[in-house]
Amino acid sequence: MTTSSDENLAAVRATIARAAKTAGRDPAAITLIAVSKTFAADRIRPVIAAGQRVFGENRVQEAKEKWPAPKAETPDLDLHLIGPLQSNKARDAVQLFDAIHTVDRDKIAAALAAEIARIGRKPQLFVQVNTGEEPQKAGIAPAEADQFIARCRDEHGLDIAGLMCLPPFDEAPGPHFALLAKIAARNGLKNLSMGMSADFEAAILLGATHIRVGSAIFGARG
Ligand SMILES: *Cc1c(COP(=O)(O)O)cnc(C)c1O
């Protein structure tokens with residue numbers, strides 16, 4: 001049995017409300033990012049029609065092609081970049097996105113700072129932490145996170161809103177979420193981008209302010 005994306009969205013929202021209640025948190029303090037990567041605009045429109053306004057994409061080029069039309073129809077959409085960023089795409093990213101979750105090295109921080117100054121748009125910025133220290137995965141190592149956050153602020157002049165992580169697929173996510181929360185707390189950062197379709201309830205219990213949910217809303221990616 002398949003359900004439609006607007007029914008899935010309602011179910012995800014109900015789960016968020018339940019998890020927030022369990023955690024003693026205000027559900028309004030949790031931003032649901034509907035991850036629409038690989039889905040075409042005609043699959044996204046029903047979710048916009050159901051009231052969802054925040055969407056996540058993992059590739060600048062895909063977002064640049066896909067989002068101008070839906071954004072023209074619904075101007076109050078919020079677009080979040082959740083995938084790795086190359087410095088030569090920093091200009092497009094600052095132009096297009098309202099938040100960037102994947103700041104993880106000085107070259108990107110410098111490129112973003114330059115484009116923010118040039119364009120005069122200030123997307124919300126998250127530092128990605130590679131909590132599992134996986135060699136193939138983006139993100140700053142946990143041991144280097146404090147210094148990198150300080151350099152983002154002091155050397156690059158960036159406002160860092162929070163931290164993001166993508167735990168290893170084959171491990172329990174809880175310890176990774178807890179580590180991210182700890183690094184954020186000691187650096188005075190309020191926002192935690194953590195939790196996906198399989199584990200967003202656990203992330204909410206551990207303080208997630210931004211959850212990135214794709215397949216639980218849109219169905220399996222092809
Ligand atoms: C694809 C993706 C998600 C969403 O994953 P689902 O399991 O489909 O919810 C979340 N975060 C990042 C960084 C992703 O690339």
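Start with the ligand. The space it takes is the largest pocket. Keep in mind that this is a predicted model.

Now select the shell around the ligand. Pick Val-35, Lys-37, Ile-82, Met-164, Leu-166 and Met-196. Colour them by type: 6 are nonpolar, 3 are polar and 3 are charged.

- Lys-37: a polar side-chain atom lies 2.7 Å from an oxygen atom of the ligand.
- Arg-212: here too a polar side-chain atom is involved, 2.8 Å from a nitrogen atom of the ligand.
- Ser-215: show the backbone, where an N or O atom lies 2.8 Å from an oxygen atom of the ligand.

How much of the ligand does the protein bury? Taken alone, the ligand exposes 390 Å², and the protein buries 89% of that.

Now zoom out and show the chain as a cartoon. You can trace 10 helices and 8 strands. The C-alpha atoms fill a box of roughly 50 × 40 × 30 Å along the principal axes.

Last stop: the whole chain. Why does its radius of gyration fit a compact globule? A compact globule with 222 residues would have a value near 17 Å, and the chain has 17 Å, so the two agree.

Terms used:
Residues are numbered from 1 along each chain as its sequence is written. This is a predicted model: local features need pLDDT of at least 70, side-chain atom pairs count only at pLDDT 80 or more; totals for chains, interfaces and linings use all residues. Side-chain values use heavy atoms; hydrogens and water are left out. A residue is near a molecule or strand if one of its heavy atoms lies within 4 Å of it. A polar contact is a pair of N or O atoms within 3.5 Å; within protein, one must be able to donate a hydrogen and the other to accept it, and residues adjacent in sequence count only if both atoms are side-chain atoms. Accessible areas come from the Shrake-Rupley method with a 1.4 Å probe; for residues, only the protein chains shown count as cover. On a 1 Å grid over the protein atoms alone, a cavity is a set of points where a 1.4 Å probe fits but cannot get out, and a pocket is an open set with protein on both sides within 12 Å along at least five of seven lines; lining residues have an atom within 4 Å of a point. A molecule sits in a cavity or pocket if more than half of its atoms lie within 2 Å of its grid points. Ala, Val, Leu, Ile, Met, Phe, Trp, Tyr, Cys and Pro count as nonpolar, Asp, Glu, Lys and Arg as charged, and the others, Gly among them, as polar. Helices (H or I, at least four residues) and strands (E, at least two) are DSSP runs, numbered from the N terminus. The radius of gyration is taken over C-alpha atoms; the globule rule is 2.2 Å times the number of residues to the power 0.38.
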